Structures are given as structure tokens and as C-alpha cells.
Amino acid sequence: MSKITVDIQKAAQALSENGLVGIPTETVYGLAANGLVQSAVQKIFKAKERPSFDPLILHSTKSKIFQWAKEVPAKAKLLADEFWPGPLTLVLPKSDVVPFETTSGLDTVGLRVPNHPLTLELLDLLEFPLAAPSANPFGYISPTSAQHVVQQLGDRVDYVLDGGLCKVGIESTIVGFENGRAVIYRLGGLTQEMIEDVIGTVMVQTNLSSNPKASGMLSVHYAPKKPLFLVTDYSDVQDDSATAYMLFGERLNVSRERQFFLSEEGNFYEAASKLYALMRKLDDSKYNRIVVKKLPEESLGSAINDRLVRASVK
Ligand code: TXA
Ligand code: MG
């Protein structure tokens, strides 16, 4: 029996019974459960084989989400008003009803209102928030279609809600607040420039670390099984017939069939939306190695480069 459905009533029922449901968002698909129930949250960690030190994000609607924060700084309110629903996660002091299973023992919680019509309808039906990490086995490439979720976690979920392809294609930008100052912990679908337009200068703190605040900070993450080489110049790597290229705004002087486009025109938003699906496709292809050149550090290029660095051979 296929677990893929568009029936939000069935999804809501399963979630109310502490089940697991794959949900579409504009960034990537999430693996969702009731974020206020310890046993439901534990199922997420088990299904993903995710280490327990890595906290989850709570998802709900704009009218409900802030009840799971103890306090909301003025800058957080400004960002929420401007960008929710959207690819922004705010890290705030957690309310007492949020279990430490969800936050991995932290006193803060990540909150997000995703921008996807089907999931917003689902969240409208639910009184509780959905804890949802990306719906991939820990460390592997995040899913951007319902089929990706079924391929890897199909036997571990009750349903996968099919909301089509994710429009943004990379995870949300995570923003926290330290002594009144905003800090970006993970670059993502909302650019630093857009955030700074609303609240002024922010710090970016997305260091590669083995003791991360965000798992997206781990130095190996989002990675295909085949070696991916991230270069600043194509002369840095050798070319052979087993090498596939992921390209942005250029063509190479190698056989056409080994050239795969993130965006032929050099459009950052198109590149983000295609990034993970292309990495999966090449991981399953006949090619042995993947080569990609760093994108310009502007617009979504910085977030895409961040993912490529973590996916790449060091
Ligand atoms: O776009 C997204 O954010 C997707 C969709 C499904 O919403 N979710 C997602 O979840 O990317 P996940 O679990 O793969 O990444 C969430 C990151 C984790 O690296 C986690 O460590 C970080 O958010 N995070 C969660 N709560 C945090 C907290 N209290 N402080 C710092 N980082 C936190
Ligand atoms: Mg993830």
C-alpha cells in the first residue's frame, strides 16, 4: 500500500495518535510528530537515526506558534511579521510545556511557520506543534519530494503528505538572539541581506564544529555517498569519463552528457531548488565522482556553498 497521500484528515489523525508523517514545506520535506509528546518525538530520532544531542524545530501556524516561546524579543517579532510563513526558524527561550526531548536538553526552542498550503491546512487542524527535522536519514541529502521520503523512510512513517516539489529547496535560515543581538546559526532559504534589511546587522556563526548548536553545522552533512569535490577552479581536479559536473551559469568543454545544471542562467533561486534532487540523481547515476565549482558568495549562493562544503570530500 502506498503511504503517499494528500488527505490531511488522515495525516492529522495519525499525528494525534502520536504517529509519524512526512510533510511538505517550501524548504525540504519534514518528518513530523507531536512536538509536545516525548514518546512521539523519540520516534523521530529513532526513524532518522539522529543523535539525541541534535534539537528539533517546532512548526505551527502564525497565530499559534509563539505560545511555545517563553519570551519573544522585539527583533524576533519583526522578523516573524515580515517572513512567516517562510524559510525562517527563530530560536527562542522555550515554554515549559515543550519537552527537553524536543530541544535536546536546551532551554531554547526552534520555531517556524512553513510556507506550504497543504501543511498550513494541516497545522490549522492541530492544537499541538509538529516537531519536524528534514525527512532524511541523519547526515544524508535532505528530501525535496514525497518520493525521496518514501525511498528512504517509507517503512518508518504512517503517511507522506504529497505537496509536490519543494520550491525553495534548501533548509530554513536559523536565527537566534544572544544578549539582544541576532545571530544566524544556519544559512538557508532566507538571505542574510533580507534579514538585515529588517533588523540591521546580524552576526553569522555557522562554524564547522563537532559540538554544534545546529546539526547543519556538522562538518559532514547533507552528503551523497559518492565523493563530491568542491573546487574554486576546474584545474584543481582531474577530468575523466566517470566525472559528472554540477554547473551554475556556465558550460564546460567536456561531453554534454556529463554536464548537469543547477541553473544554466546562473539563477540562485533555481540552483537552490534543484540542488538536493540533482545530488541524489548523481549519487544514483553511473558516474563515480561529482565536481562542482563554488558559487558566487551572494544571494542564496552563500547558503548553497555552505551545503556543498559539508557535502564535499575534505
Ligand atoms: O527548513 C527547515 O528548517 C526544515 C523543515 C522541515 O522545516 N527542517 C530542518 O530540520 O532542517 P533539521 O532538524 O534537519 O535541522 C534543524 C536544525 C538542527 O540542525 C538543529 O540543531 C537546529 O535546527 N536547532 C533546533 N533547535 C535549536 C536550538 N534550540 N538552538 C540551536 N539550534 C537549534
Ligand atoms: Mg536536516
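The model is predicted, so local features need pLDDT of at least 70, side-chain atom pairs count only at pLDDT 80 or more, and totals for chains, interfaces and linings use all residues. Residues are numbered from 1 along each chain as its sequence is written.

Helices (H or I, at least four residues) and strands (E, at least two) are DSSP runs, numbered from the N terminus. Two strands pair if DSSP finds at least two bridges between them. In the order β12-β15-β13-β14, 4 strands form an open sheet with parallel pairing. Because β12 (228-231) and β14 (259-263) each have a single partner strand, they stand at the edges, and one side of each is left without a neighbour in the sheet. On average, neighbouring strands of this sheet are turned by 25 degrees against each other, direction ignored; axes are lines fitted to C-alpha atoms, for helices over the stretch in contact, and angles run from 0 to 180 degrees between N-to-C directions.

Within this sheet, β13 (residues 243-248) and β15 (residues 289-293) run parallel and are joined by 4 bridges. Y245 has V291 in β15 as its bridge partner. Helix α8 (residues 268-283) lies across β12, β13, β14 and β15, at about 145 degrees to β14. Contact here means heavy atoms within 4.5 Å. Helix α9 (residues 301-311) lies across β12, β13 and β15, at about 130 degrees to β12.

Strand β4 (residues 57-59) runs parallel to β6 and is joined to β6 by 3 bridges, with I57 opposite G110. Strand β5 (residues 88-93) runs antiparallel to β6, with 4 bridges between them, and L90 stands opposite L111.

Key. Chains lettered and ligands numbered in written order. Heavy atoms only, no water.
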